[in-house]
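Please keep the sequence and the structure in view while reading.

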Amino acid sequence: MSRRGGALLAGGVLAVTVLTGCGGGGGTAGQEAAPSSGPALGTVTTAPDGVQEVTLQTQDDYVFTPSTFTVAPGPVRLTVVNVAEQMTHNFRFTPDDGPAPIDPEIPLLTPGETRTVEFTATTPGEYGFECSFHTQLQQFGTMTVSG
């Protein structure tokens, strides 16, 4: 192959690599599960202190993973992991969208950050949650409190 042909081929490979790295490929980058030291995302477990624990994650594609989970009435410890490389998110229960208010929220979650809130779910029903920065992009979810 000529030097020029090799340079064109190398340039084409580089261009494809760069474009793929920009996230246009629809792959699963940033959507890996939470650290393997715990249960799967969205799995509700009971800690030794009796508190229900669940972990969600958010990433650069404006979704919560998972977007739904179910707890029993009682104390809940909810952890949100932001695996995004660029996007800052927050987490709050959607105001006036549930049978009873749940006030604790995570006001700011920068890329790579993990934060936890604790609250008591008392009234059965569905409670919407959101990233209020990205509601226009449909970053919503639902916590169900079983009855």
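Which residue forms a salt bridge with R92, and how far apart are the closest N and O atoms?

## The R92 pair

The partner is E130, with the closest N and O atoms 2.6 Å apart. This is a predicted model. R92 lies in strand 6 (residues 89-93), while E130 lies in strand 9 (residues 125-130), so the pair ties together parts that are 38 residues apart in sequence.

The two ends sit in unlike surroundings. E130 has a relative accessible area of 4%. That value is under 20%, so E130 counts as buried. R92 is at 26% relative accessibility and counts as partly exposed, because this value falls between the 20% and 50% cut-offs.

## The network around R77

The count of salt bridges comes to 4. A network of salt bridges links D49, E53, R77 and E118. Two of its pairs are described here, starting with R77 and D49.

The side chains of R77 and D49 meet in a salt bridge at 2.7 Å, N to O. This pair links distant parts of the chain. R77 belongs to strand 5 (residues 74-82). D49 belongs to the loop between strand 1 (45-46) and strand 2 (52-58). The two residues are 28 residues apart.

R77 also meets E118 in a salt bridge, here at 2.9 Å, N to O. Again the pair links distant parts of the chain: E118 is in strand 8 (residues 114-121), R77 is in strand 5, and they are 41 residues apart.

Is R77 buried or exposed? Its relative accessible area is 15%, so R77 is buried, the cut-off being under 20%. E118, by contrast, has a relative accessible area of 48% and is partly exposed. The value for E118 is not over 50%, so E118 does not count as exposed.

## N90 in strand 6

N90 is found in strand 6, the strand that also holds R92. N90 is buried, with a relative accessible area of 5%.

Which side chain does N90 join in a polar contact of 2.7 Å? The partner is the side chain of S132. S132 is also among the residues that N90 touches, leaving aside residues up to four places away in sequence.

Conventions
Residues numbered from 1 in each chain as written. Predicted model: local features only at pLDDT ≥ 70, side-chain atom pairs only at ≥ 80, totals over all residues. Heavy atoms only, no water. Helix = DSSP H or I, 4+ residues; strand = E, 2+ residues; numbered from the N terminus. Buried < 20%, exposed > 50% of the residue type's maximum accessible area, 1.4 Å probe, protein only. Polar contact = N/O pair within 3.5 Å; in protein donor to acceptor, adjacent residues only side chain to side chain. Contact = heavy atoms within 4.5 Å.
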